[in-house]
Amino acid sequence: MGFAVGIVCILVGLVVSWPAVAVGAALTLVFGFLWIRDVTRGYATLPQAEPDGDAPVEPAPPIPAHKGPPAMPETPPAEAARYPRSKFLEGATLGLGAAIGVVVTVPAVGFAVVPAFVDQGEPDIDLGPIENFPQGQWVITHYQLRPEQGDVTRRVAYIRYNGTADNEPSFTILSNRCAHLGCPVQPGGLVQSDKTKDQKASGDQDITLTPVLGLSSFTCPCHGGSYDSEGNRTAGPPVRALDRWTYSIKNGHLVLVENYSVSHVEGTGATATIHKYDLAGPGQHLDGPEQIFYPWQPPH
Amino acid sequence: MANNKKTARRAQLEQAIVYPVDWIEERSGLIGGLRYFLFRKVPGDTNWFHTLGSATLTAFLVQLVTGVILAMYYKPDPDKAYESIRHITDDITLGWLVRGMHRWGASVFIILMFFHMARVFLFGAYKYPRELNWIIGVLLLALGMFEGFTGYLLPWDQTSYWATVVAVNINGSAPFLGPFIAQFLQGGAAINDETLSRFYAIHMLLLPGAIFALIGLHLYLVIRLGVTSPPWSKDAAGSGPRTPPTPPPARDGLVRPGPRGNGRVETESPTETTTSGDGRGH
């Protein structure tokens, strides 16, 4: 049991941190040793059968050399039965087999499971000059999260420039991932597809910007979740508001930095108060009593 | 004269057929095992409902064969998967048929599993001593549904992509471990370029192997424990004095001929004869 905990701890440690690996290795060693001792106890205790009588035997008188047992006594039968070769071979076969099994299984299972949990990081995404985003106008922005992986990482952000606040440009950047089960929410407004602008920002990144007129809401096509223009849930099954991005301005370019989750937003635009949390999967509560069901997030 | 010649030739022909069968039987006992499997005793009042399990097995075998053929043409790559499916359906000779069999056969497999399950439940065939086989059946059902889940992504069109997004996120909203399950399924924080090949490997290697092994166990228990009568049977359990089930002499005809024999005659030493009353020794 403790052995299994140790192995699990090693695997988790590979994901989380090296100290955890060390703890796991120590646990595995200790419990592995205990386990082996436990398993082999049967062999060890066998010879200690029947300690002779109770009273200490008086030293016998010396025996003349020509009488009595031979000087080199034959191995008593109990001693011979102590560790027969067959037992040793059986134990060795099982032990070596188990060792080989562990050596083969642990890396294979680790290879299958661990890569999914390694922190994959988020590359910064350069979306081009901030002049592309007129004040108060929603823009559907298509980009690739990882251009080297191709269209499978194509993502959509809804971006609105709120003007400057404290002399800093302010943006509202909403993810299109529905907070119910992850379908793509659609903008409730006039999508001006004919005004789509291709923006070659950097590297292989293909970015398109499509303005939307009069956007008042976002709606999910899958199960009808609805959000207002700040991403707050207004109807349907979503459990929280739409996810957002942090951003920075570099050389006059808008850059997406980090994806985070939002329980709800008070106020609008540049003056809004955003209740911010670490990125969580769709359908996972961030506040309210249900949040106790989602205490841990794997590294993204 | 001619008749004699004919029977002689016939005997020769029979010999030619029987000889390889005998050869295999003598070295493996497999023919005897097959005979035992096919001609074992079942209750007299079994009916068509008892064939649902075999129907499910047949559906699985169809999935197995068509799936192997589809795997020869399918490319589990995000840039090529959809195109290779289109190629199978539109260009390759009879590709539409094999893909159709696999696609619709998947539903048939699941539906038959539920029918089979309903039969076992309504006939009370899950009761002692067959509980373990019910449990194995439930595992098979779960694995079968997981096959459906992983197979649905492979066409890599809008429907399959978003259906998988939703299904993965349903798993993700399970308490405590949900986020980890979702991330494991996707092989990352979201569906990425490795998710498709991951699902493909699970769909065509991991799960079929597991299902195959469990079906073997399932069948073994069916043969060992026998088939139940319908509840309305006159021989239904409880109508007479209860006798514990005796394990059938499974080794008859394999190691040495049992009462049924396999057409082979062997002399047994007297001591053996006395100890092999139930065909298994002691």
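This is a predicted model: local features need pLDDT of at least 70, side-chain atom pairs count only at pLDDT 80 or more; totals for chains, interfaces and linings use all residues.

Mentor: Chain B contributes 22 residues to the contact and chain A contributes 24 residues.

Trainee: Which elements of chain B give two or more residues to the side that touches chain A?

Mentor: Those are helix H7 (158-172) and helix H8 (178-186) of chain B. H7(B) supplies the largest share of that side, 6 residues. By residue class, the side of chain B that touches chain A has 13 nonpolar, 7 polar and 2 charged residues.

Trainee: What is the secondary structure of chain B?

Mentor: Chain B has 10 helices and 0 strands. Of its 282 residues, 26% are buried. Among contacts in chain B with a separation of 6 or more, 68% join residues 24 or more positions apart.

Trainee: How many residues does helix H9 of chain B have, and how far does the helix reach?

Mentor: The span is judged against 1.5 Å a residue. H9(B), residues 195-225, has 31 residues and reaches 42 Å from first C-alpha to last, close to the expected 45 Å. A kink of about 35° is centred on B:Ile202.

Trainee: Which residues of H9(B) are buried, and what do they pack against?

Mentor: An α-helix has 3.6 residues a turn, so residues three or four places apart point the same way. In H9(B) the buried residues include B:Phe199, B:His203, B:Ile211 and B:His218. The buried residues of H9(B) pack against helix H3 (52-71), helix H4 (81-90), helix H6 (131-153) and H8 of chain B.

Trainee: What follows H9(B)?

Mentor: B:Gly226 follows, with a positive phi near 80°.

Terms used. Residues are numbered from 1 along each chain as its sequence is written. Chains are lettered from A and ligands numbered from 1 in the order in which they are written. Helices (H or I, at least four residues) and strands (E, at least two) are DSSP runs, numbered from the N terminus. A residue is buried if 20 or more other C-beta atoms lie within 10 Å of its own, exposed if 12 or fewer, and partly exposed in between; C-beta atoms are placed from the backbone. Two residues are in contact if their C-beta atoms, placed from the backbone, lie within 7 Å. Ala, Val, Leu, Ile, Met, Phe, Trp, Tyr, Cys and Pro count as nonpolar, Asp, Glu, Lys and Arg as charged, and the others, Gly among them, as polar. The expected span of a helix is 1.5 Å times one less than its number of residues. The bend at a residue is the angle between axes fitted to the seven residues ending there and the seven starting there.
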